[in-house]
Structures are given as C-alpha cells and as structure tokens.
Amino acid sequence: MLTQYLTDTLAPLTAQPRQILLALSGGLDSRVLLDLLASYRGQHPQHDYSVCHVHHGLHADADKWATQCQVWAEQAGFSFILKHVTLDPELSTEHAAREARYQAFQELLQPHGLVLTAQHSDDQVETFFLALKRGSGLEGLAGMPTVRTLGKGLLVRPLLAASRAQLHHYARQKGLAWVEDPSNQDTHFDRNFIRQQWLPEADARWPGFRTAVQRTQQLCQEQAALLATFVAPLVENAIDTDNSLSLAHLPLTDLALCRAMLRHWLKYHDLILTQAQLNTLIQDVVQARADANPQLSVDGKSIRRYQQRLYLIADSADVTAWQGKLTPQSPLHLPDGLGRLVLLPYTERAQGLALGPLPQSWLSVQFNPSGLSAHPAGRQGRRKLKKLYQEYGIPSWQRRRLPILCDERGVIAVADCFVSQSAVGKVWRLVWERKNTA
C-alpha cells in the first residue's frame with residue numbers, strides 16, 4: 001500500500017528524468033520513506049537521487065542523528081547531503097526550524113526538481129487543529145497539499161494518505177531502526193500537545209473522529225480550489241510584469257473579495273497572512289494617505305505601496321556605507337546579493353549604459369545618494385539624486401540600492417538608470433549583472 005502511494009504520487013511528476021531529493025530527519029516517517037524510495041529507484045533508475053539531512057543544532061544528539069542518517073542513506077545507495085542551518089531568533093522554534101528546512105531545500109533544488117517529505121494523514125489532522133487555533137480560512141483548514149511549488153521545483157508529500165500506524169507497521173515488518181527525538185514528547189509545543197493529549201481523548205470519545213476531520217479537509221480543499229478559480233483571473237488582470245498588484249483593481253467596497261485577491265497574490269510569493277494581518281494591510285498600507293510611504297513587514301518580507309501598486313520586497317541589509325572601486329574589465333562584486341558591475345569595451349546593441357573615455361583608471365562606487373547631484377544626458381541642468389530618483393519613478397526602497405559611479409568630477413552614472421552629460425560616449429559599456437535587487 002505504501003509503495004503504491006509513492007508510485008501513484010510520483011507518476012505524473014516524473015515523465016522526464018528529475019532530481020529527487022529525500023528529506024531525511026531520521027524519524028520513523030522519513031526512515032520509512034527512505035526504504036520506499038530505495039525500492040522505487042530500482043524500477044526508476046533514470047532520476048538523480050539524493051538524501052538531505054537538515055542539522056538544526058537544537059539537541060545535544062543532533063550530530064549523532066546526522067551521522068546515523070548518513071549511514072542509512074549510504075547503506076541504501078544514496079548520495080548524502082548534510083545542511084547546517086541557523087534559526088531566525090525572531091520566530092518561534094517550530095516556525096524558525098520549518099523555515100530553515102525549506103530554505104535549505106530550495107538551495108539544493110535544481111529546476112523542476114522534487115523534494116520528498118514524509119508527512120502522513122495524522123500530521124494532516126494535527127495541521128487542521130493548528131490552523132483552527134490560528135483562525136485560518138479554507139486554505140489553512142484544507143491542510144498540506146500533496147504537491148506544491150518550492151523555489152525552482154516542487155515539494156512532494158507522497159504519504160499523506162497513509163496513517164502513522166501504517167508507517168509503524170511497515171517499519172516493524174522491515175526491521176527498520178529510526179531516531180526518537182525526545183522533543184516530540186514535549187507538550188510545550190502545540191503540535192505535540194495536540195498529538196499527545198488532545199487527539200487521543202477526542203478519538204476515545206468520538207470513534208471515526210479523524211476520518212471526519214479528513215473529510216472536512218477535503219471539502220475545504222475543493223471549496224478553496226473553486227474560490228481560486230474565480231479569484232485567479234481577477235488577480236492576474238491586476239498584476240504587472242514586475243509582479244506588483246494594482247490597487248485600482250482591488251474592490252475596497254467588498255472587503256471579503258479584496259482579502260481573497262490579496263491572499264491569492266501573496267500566495268504567488270509563498271506568503272500567507274492571518275486575517276488580522278490582511279486587515280492591517282488594507283487599513284495601513286492600501287488605504288494609507290496618498291503622500292505616505294506605508295509598509296507591512298511579515299516573515300522577513302515587506303509589503304509596500306508605491307504609485308498605487310503593491311510590491312512584495314524581501315528585507316535587505318543597509319548598504320549605504322559600502323564603497324568600492326571599479327576598474328575596466330575587472331568585475332566589482334556588490335554587497336548583499338546585488339550582483340556585480342563590470343566595464344566592458346563598447347559594442348552596439350549590448351546591454352548596459354554607454355560611457356565615454358574615463359578621466360582616471362578607476363571609478364568609485366557607492367549607494368548613498370545623500371548630498372550628490374547629477375546632470376543626466378539629454379536633460380536640462382543638475383538636480384539632486386533624490387529628486388532624480390523620484391522623477392525616474394524609482395521606488396523608495398530601491399533608492400539606496402542603486403550603484404552610483406563617481407569620478408573626480410562627481411557622479412558620472414547611476415547603474416541601469418542614466419549617464420551624466422559629462423560621461424556620454426561610446427568607449428565603455430557599464431553592465432550591472434544583478435542577482436537580487438528587491
């Protein structure tokens with residue numbers, strides 16, 4: 001039965017060879033999935049298989065568990081990857097560990113790759129009550145999907161239809177050993193409280209209770225899918241090529257539909273807000289006064305409004321104090337994932353800004369526009385960079401993340417924006433190879 005669950009789940013996802021990465025914690029569930037995947041690989045050898053253990057550093061035996069997972073993975077014939085992660089101190093331990101795991105998987109995923117995790121139907125029931133405690137809507141109550149996007153690939157849960165009892169029976173039949181994490185007994189954690197105390201009493205009082213919860217989850221999934229079918233075209237019509245959302249398309253007179261559209265848009269960015277957070281977003285950001293620069297920060301991201309559009313921006317470091325030197329044909333690496341700058345000999349139709357001869361052998365690069373002014377080519381007179389950024393329609397959060405090039409005379413260019421009148425020519429191309437400028 002468990003083998004069939006795995007095969008049926010992967011069949012529509014593996015018509016072509018894929019990277020298949022198994023998340024192995026060492027517990028019962030992932031230990032069973034490792035054994036199942038080893039058998040599956042025998043019949044489907046065309047895929048690129050590997051096993052990953054995420055080391056959270058939360059327990060004294062964490063090193064021992066990592067070593068044991070490596071032994072099991074290699075005994076099963078899989079290459080093994082150990083990922084050490086650092087938890088965000090601003091989040092709860094459970095939340096921070098989950099976010100760190102998924103970030104680790106995203107870093108390992110190739111385009112169209114699959115990450116397999118071993119959640120089962122008992123986890124689904126627990127997830128339902130955690131969502132209920134938070135006051136979640138249909139999507140939260142629907143629980144975990146079998147397949148969802150994760151970075152460049154997919155997160156796949158092939159055992160969601162199986163119970164913990166089925167996995168335990170399989171492990172005993174196969175003689176599998178697994179790691180017992182003592183923290184799973186700590187009812188200080190909400191999921192453990194539900195699992196260890198609340199659900200056993202509910203099962204004893206209401207036989208078939210878990211089946212009823214699963215039926216409710218299925219209904220929530222169906223209704224959420226119907227709602228998404230209705231809302232998706234509305235959101236797609238409001239989204240620009242930069243994935244920003246037009247406020248003109250939000251029906252502020254129908255707050256239920258407005259919230260539904262915002263949820264759907266945020267889902268594109270893998271961000272889920274509570275009802276209270278959505279209301280705050282509408283009141284404090286969407287409906288803020290016209291001259292305000294409002295934002296809402298959630299889980300390391302900021303939702304900002306600019307020129308009647310909403311943008312979702314990853315939080316970034318302050319780079320205004322950074323300075324560097326750029327020399328021709330020698331790339332300058334920029335801080336905080338902003339990519340690199342390079343000056344190349346001028347060619348027609350190449351990307352980047354065209355510059356004339358350089359008055360010196362290098363250019364200084366900075367991000368702080370304070371006190372600087374420039375005379376962009378084709379415009380009249382000099383203006384402060386602050387005013388120019390406004391006129392060029394550069395969002396406020398990007399204005400201190402644009403590389404400013406200066407020589408002994410002052411500003412000669414702002415990368416991907418303009419060249420100063422004094423630097424016009426066709427000798428060099430300034431190319432900004434960006435990685436992440438959000």
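Helices α9 and α10 are roughly perpendicular to each other (65 to 115 degrees), because their axes cross at roughly 80°. Those axes come within 9 Å. Helix α9 covers residues 209-238, and helix α10 covers residues 255-267. Axes are lines fitted to C-alpha atoms, for helices over the stretch in contact, with angles from 0 to 180 degrees between N-to-C directions. Helices (H or I, at least four residues) and strands (E, at least two) are DSSP runs, numbered from the N terminus.

This is a predicted model: local features need pLDDT of at least 70, side-chain atom pairs count only at pLDDT 80 or more, and totals for chains, interfaces and linings use all residues. Residues are numbered from 1 along each chain as its sequence is written, and side-chain values use heavy atoms, leaving out hydrogens and water.

Which residues of α10 does α9 meet? They are L257, A260, M261, H264 and W265. From α9 come A228, F230, V231, A232, L234 and V235. Contact here means heavy atoms within 4.5 Å. By class, ten residues are nonpolar, one is polar and none is charged.

Now the sheet. Four strands form an open antiparallel sheet, ordered β12-β13-β21-β14. Pairing requires at least two DSSP bridges between two strands. The edges are β12 (332-333) and β14 (353-355). β12 joins β13 (residues 340-345) over two bridges, with L332 partnered by L341. Six bridges then link β13 to β21; R340 bridges to E433. β14 pairs with β21 over three bridges, L353 with L430.

Notes. Parallel < 35°, antiparallel > 145°, perpendicular 65-115°, else oblique. Nonpolar A, V, L, I, M, F, W, Y, C, P; charged D, E, K, R; others polar.
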